[in-house]
Amino acid sequence: MAKYPHNSKRPSPAAVKKALAKGDMKALEMALTPRQVAFCREYVTDFNGAAATVRAGYSPKNSERQAYLLQRNEGVRELIKHYQLSTAAKELAINPDWVTS
């Protein structure tokens, strides 16, 4: 059992809420932890949550659970949406034609 079990009812940090209210994605990136931002970037590459958590530096032991918890985080969800819709998605995404050739 974890020393500090996850509490899904815990409010988001004030900086995340402030960035979301303003719609400022740079501030949101700064408010999230480095691993959360890394997860967002990795998730956009192949949309595999468990693999993205491992590549972002989380333990592979509970990667599916961690991916689930991260995707429930409001700040993480919004940053993933931003990456999907931005030009950053083109830089992060895998081109299937390149992989198969």
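This tour goes through a helix pair and then the aromatic side chains of a predicted model.

**Helix pair.** Select residues 34–46, helix α3, together with residues 74–85, helix α6. Two packed helices are described by the angle between their axes and the distance between the axes. Here the axes come within 9 Å and cross at roughly 40°. An angle under 35 degrees would count as roughly parallel, so α3 and α6 are oblique to each other. The crossing of α3 past α6 is right-handed.

**Contact residues.** Next, show the side chains where the two helices meet. On α3, select Q36, V37, F39, C40, R41, Y43 and V44. On α6, their counterparts are V76, L79, I80, Y83 and Q84.

**Aromatic cluster.** Ring pairs join F39, Y43 and F47 into a cluster. The search of the whole structure finds two aromatic pairs. One of them is Y43 with F47, at 5.6 Å centre to centre and 85° between the planes. Planes over 60 degrees apart count as edge-to-face, which is why this pair is edge-to-face.

Is Y43 buried or exposed? Y43 has a relative accessible area of 16%, and the limit for buried is under 20%, so Y43 is buried. F47, at 46% relative accessibility, counts as partly exposed.

**Charge over a ring.** Finally, select R35 and Y58. R35 lies over the face of the Y58 ring, at 5.0 Å from the ring centre.

Definitions and conventions. Residues numbered from 1 in each chain as written. Predicted model: local features only at pLDDT ≥ 70, side-chain atom pairs only at ≥ 80, totals over all residues. Heavy atoms only, no water. Phe/Tyr/Trp six-rings, centres within 6.5 Å; stacked < 30°, edge-to-face > 60°. Buried < 20%, exposed > 50% of the residue type's maximum accessible area, 1.4 Å probe, protein only. Lys NZ or Arg CZ within 6 Å of the ring centre and 35° of its normal. Axes fitted to C-alpha atoms, helices over the stretch in contact; angles between N-to-C directions. Helix = DSSP H or I, 4+ residues; strand = E, 2+ residues; numbered from the N terminus. Parallel < 35°, antiparallel > 145°, perpendicular 65-115°, else oblique. Left-handed = near helix turned anticlockwise from the far one by under 90°. Contact = heavy atoms within 4.5 Å.
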